[in-house]
Amino acid sequence: LQKQVIQSEKLSAVGKLGAGFAHEIRNPLSSIIGLVQLLKENNEHNKYLQIITDELERMKTLVNQFVLLGKPTKLQKTNSDIVQLIRNTVELMNSNARLNKVQMEFVSEETELFVPIDESQVKQVLINFIKNAVEAMPDGGLLLIQLQVNKKEKEFRITIQDEGEGMTQAEVERLGTPFFTTKESGLGMGIPICFDIAKAHNGFINVESAKGRGTSIHLVFPLQNGMRRKN
Ligand code: ADP
Ligand code: MG
């Protein structure tokens with residue numbers, strides 16, 4: 001099962017319609033969070049107030065991310081060593097992975113590779129996909145990250161492969177739709193943001209998944225600036 005993904009038009013449509021609305025929600029939300037905080041300081045219903053606070057914080061995160069989605073992604077590109085960036089990110093995520101009995105492995109064709117990317121945004125993409133992979137393996141497993149260079153196509157490819165629960169074709173089709181989530185406390189914002197960041201780099205994301213067997217995410221980015229893809 002495959003899906004080639006270019007940024008969905010629906011994303012910007014959702015963003016335009018909802019950004020104003022989201023801003024209007026943000027202010028009352030902030031005051032309610034403050035008021036609940038005050039109530040908590042001297043109240044026997046502390047347990048319930050904590051639940052209210054948690055749910056309100058969740059709403060705030062949703063609203064904030066929603067506002068971000070509506071904005072065009074602005075990149076601050078520098079010539080960065082992608083090998084080092086992946087290594088750092090793997091290290092950052094390692095304790096979380098180990099807690100979930102997930103073993104992370106990084107295999108690279110290169111010892112260093114300098115490419116024009118927005119480091120913090122590409123790191124965000126890696127973190128989102130690593131998190132999803134870990135969450136897809138509730139009983140643990142292997143999370144393999146590979147870096148390959150295709151000099152002929154002038155592009156590099158990062159593959160994030162898990163042996164987790166995988167997705168049905170219908171689920172794969174829905175990837176990129178804001179708020180699509182199958183998780184109880186998921187936000188469904190991670191993948192839309194990743195698609196957006198890949199598009200801004202003139203790259204793309206390809207998803208391969210088989211229910212019950214696992215998922216491979218391929219991030220394909222140009223090696224140089226000014227590359228234009230046909231698709
Ligand atoms: P969230 O993680 O908050 O649910 P995402 O946008 O990151 O939101 O992912 C959306 C949905 O895509 C997930 O809820 C899950 O159903 C599916 N998904 C993403 N990554 C994977 C994966 N590696 N394995 C299986 N399903 C996945
Ligand atoms: Mg996620």
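Two strands are said to pair if DSSP finds at least two bridges between them. In this predicted model, Phe204 stands opposite Val220 in strand S8. Strand S7, which covers residues 204–210, pairs with S8 in the antiparallel sense, and seven bridges hold the account of that pairing. The hairpin of S7 and S8 has three residues between the strands, and there Gly212 takes a positive phi near 80°.

Of the 231 residues in the protein, 24% are buried. Among the contacts with a separation of 6 or more, 75% are between residues 24 or more positions apart.

Four residues lie between the strands in the hairpin of S5 and S6, where Lys154 takes a positive phi near 55°. The pairing of strand S5 (residues 141–150) with strand S3 (residues 102–108) is in the parallel sense and extends over seven bridges, and here the bridge partner of Ser108 in S5 is Leu147. As a general point for reading such strands, in a regular strand the side chains alternate between the two faces of the sheet.

The helices come next. Two packed helices are described by the angle between their axes and the distance between the axes. Helix H3, residues 82–99, packs with helix H4, residues 119–135, at an angle of about 35°, and their axes are 10 Å apart; H3 passes H4 in a right-handed crossing. From H3 the contact takes Leu85, Ile86, Thr89, Met93, Asn96 and Ala97, which meet Glu119, Val122, Lys123, Leu126, Ile127, Ile130 and Val134 in H4. By class, the residues of this contact of H3 with H4 divide into nine nonpolar, two polar and two charged. An α-helix has 3.6 residues a turn, so residues three or four places apart point the same way.

H4 also has a contact with H6, and what are the angle and the distance between the axes of H4 and H6? The two axes cross at roughly 145° and come within 9 Å, and the crossing of H4 and H6 is left-handed. On the side of H4 the contact is made by Gln121, Gln124, Val125, Asn128, Phe129 and Asn132, and on the side of H6 by Gly190, Ile193, Cys194, Ile197 and Ala198. The contact of H4 with H6 has six nonpolar and five polar residues, and no charged residues. Within H6, the residues Ile191, Pro192, Cys194, Phe195, Asp196, Ile197 and Ala198 are buried. H6 is followed by Asn202, whose phi is positive, near 60°.

H4 and H6 bring the reader to the ligand. Each of these two helices, with H6 taken as residues 190–200, supplies at least two residues of the shell around ligand 1, and H4 gives the most to this shell, with three residues. There are 22 residues around ligand 1, of which Asn132, Ala136, Thr181, Gly186 and Gly190 come nearest. Counted by class, the shell around ligand 1 has eight nonpolar, ten polar and four charged residues.

Leu187 lies in the loop between helix H5 (169–174) and H6. Is Leu187 buried or partly exposed? Leu187 is partly exposed, because 15 other C-beta atoms lie within 10 Å, whereas a buried residue would need 20 or more. Not counting residues up to four places away in sequence, Leu187 touches Thr61, Leu62, Gln65 and Thr181. From Val83, Leu187 is 104 residues apart in sequence and 29 Å apart in space, C-alpha to C-alpha.

Definitions and conventions. Residues are numbered from 1 along each chain as its sequence is written. Chains are lettered from A and ligands numbered from 1 in the order in which they are written. This is a predicted model: local features need pLDDT of at least 70, side-chain atom pairs count only at pLDDT 80 or more; totals for chains, interfaces and linings use all residues. Axes are lines fitted to C-alpha atoms, for helices over the stretch in contact, and angles run from 0 to 180 degrees between N-to-C directions. A crossing is left-handed if the near helix is turned anticlockwise from the far one by less than a right angle, and right-handed if clockwise. Two residues are in contact if their C-beta atoms, placed from the backbone, lie within 7 Å. Ala, Val, Leu, Ile, Met, Phe, Trp, Tyr, Cys and Pro count as nonpolar, Asp, Glu, Lys and Arg as charged, and the others, Gly among them, as polar. A residue is near a molecule or strand if its C-beta atom, placed from the backbone, lies within 6 Å of it. A residue is buried if 20 or more other C-beta atoms lie within 10 Å of its own, exposed if 12 or fewer, and partly exposed in between; C-beta atoms are placed from the backbone.
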